Amino acid sequence: MSSWDDDESAAASAAEAATTDVELLKRAWRNEKAAPEILRFDSLLVSRVREQIQLLEETLDDFADSGVDDLVVSLYQMDLDRTLFLLRSYLRLRLQKIEKYTMHISRSDGILSQLSPQERRFAKSCAEIMEKHLEQSVLSKLPYGYDSVTRQSLSSTEDDMVPEPQLDTFVFCKTKSDVGAFQLDDIGEEVVDLVADDLYVLRYKSIKGLVEGGRIDLI
């Protein structure tokens, strides 16, 4: 087999693998965009996508040196651009949620464990900067008992000044497989029959576990 055949075979394999991971990344991007809270970071998927991006970039460089047809080059370039857009948008969505709910996220070990190492550093850095800014500009000028970043006063029994995601928000979702009769509340008064490939509008809090388990996609 010629070196050209080898290059073409490697490029085809890269495109096929990238297509599969791009679909998974698109699903993760849609879920992240529609979910009111930040979801678990898919480190393995992101790692694979980054490897595919690098491979596609190397393939395009080889094409430039081999005189490959412009149409073929443009198709691979489109795949690369689409993958880059999805990855950047996915990561940007997550950073926006971290910025919006900085104090809530930084105070929850459970949520922090769902972030990437870079996101955890970003969340902690944002929280430190915000606390320092509030302390210097506002809190230091307030009377004792009202100078907390997280509580309105000493009489508050919880962090009532910390914005949290509204998990009762209604979301559009699509089932990936038959779930059957599913209980939407704690007492069993709300039950819905979830059928494969059907669309529903449900409270996110009720289907949170199904989203995390990959049985339902948000749209």
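Surface patches are made of residues with over 30% relative accessible area and no salt bridge, like charges being joined within 9 Å and nonpolar side chains (Val, Leu, Ile, Met, Phe, Trp, Tyr) within 5 Å. The structure is a predicted model, in which local features need pLDDT of at least 70 and side-chain atom pairs count only at pLDDT 80 or more, whereas totals for chains, interfaces and linings use all residues. Residues are numbered from 1 along each chain as its sequence is written, and side-chain values use heavy atoms, with hydrogens and water left out.

A nonpolar surface patch of about 530 Å² is formed by Phe 170, Phe 172, Leu 199, Val 201 and Ile 219. At least two residues of this patch come from each of strand S1 (170-175) and strand S4 (199-203), strands being DSSP runs of E with at least two residues and helices runs of H or I with at least four, numbered from the N terminus. Val 201, located in strand S4, is classed as partly exposed because its relative accessibility is 44%; on this scale buried means under 20% relative accessible area, exposed over 50%, and partly exposed in between (1.4 Å probe, protein chains only).

The unreviewed UniProt entry annotates residues 165-219 as "domain: DNA replication complex GINS protein SLD5 C-terminal", although such annotations may be inferred rather than shown by experiment. In the model this span is 16% helix and 40% strand, and its end C-alpha atoms lie 18 Å apart.

When neighbours within four places in sequence are left aside, Leu 25 is in contact (heavy atoms within 4.5 Å) with Leu 45, Val 49, Thr 83, Leu 86, Leu 87 and Tyr 90.

Helix H3 (residues 70-100) also holds Val 72, which is partly exposed because its relative accessible area is 31%. The C-alpha atoms of Val 72 and Leu 60, 12 residues apart along the chain, are separated by 9.7 Å.

Gln 114, in the loop between helix H5 (109-112) and helix H6 (117-137), counts as buried because its relative accessibility is 16%. Beyond neighbours within four places in sequence, Gln 114 is in contact with Ile 38, Leu 39, Arg 40, Phe 41, Arg 94 and Glu 212.

Notes:
Areas by Shrake-Rupley, 256 points an atom, 1.4 Å probe, with all protein chains shown as cover. Salt bridge = Lys/Arg side-chain N within 4 Å of Asp/Glu carboxyl O.
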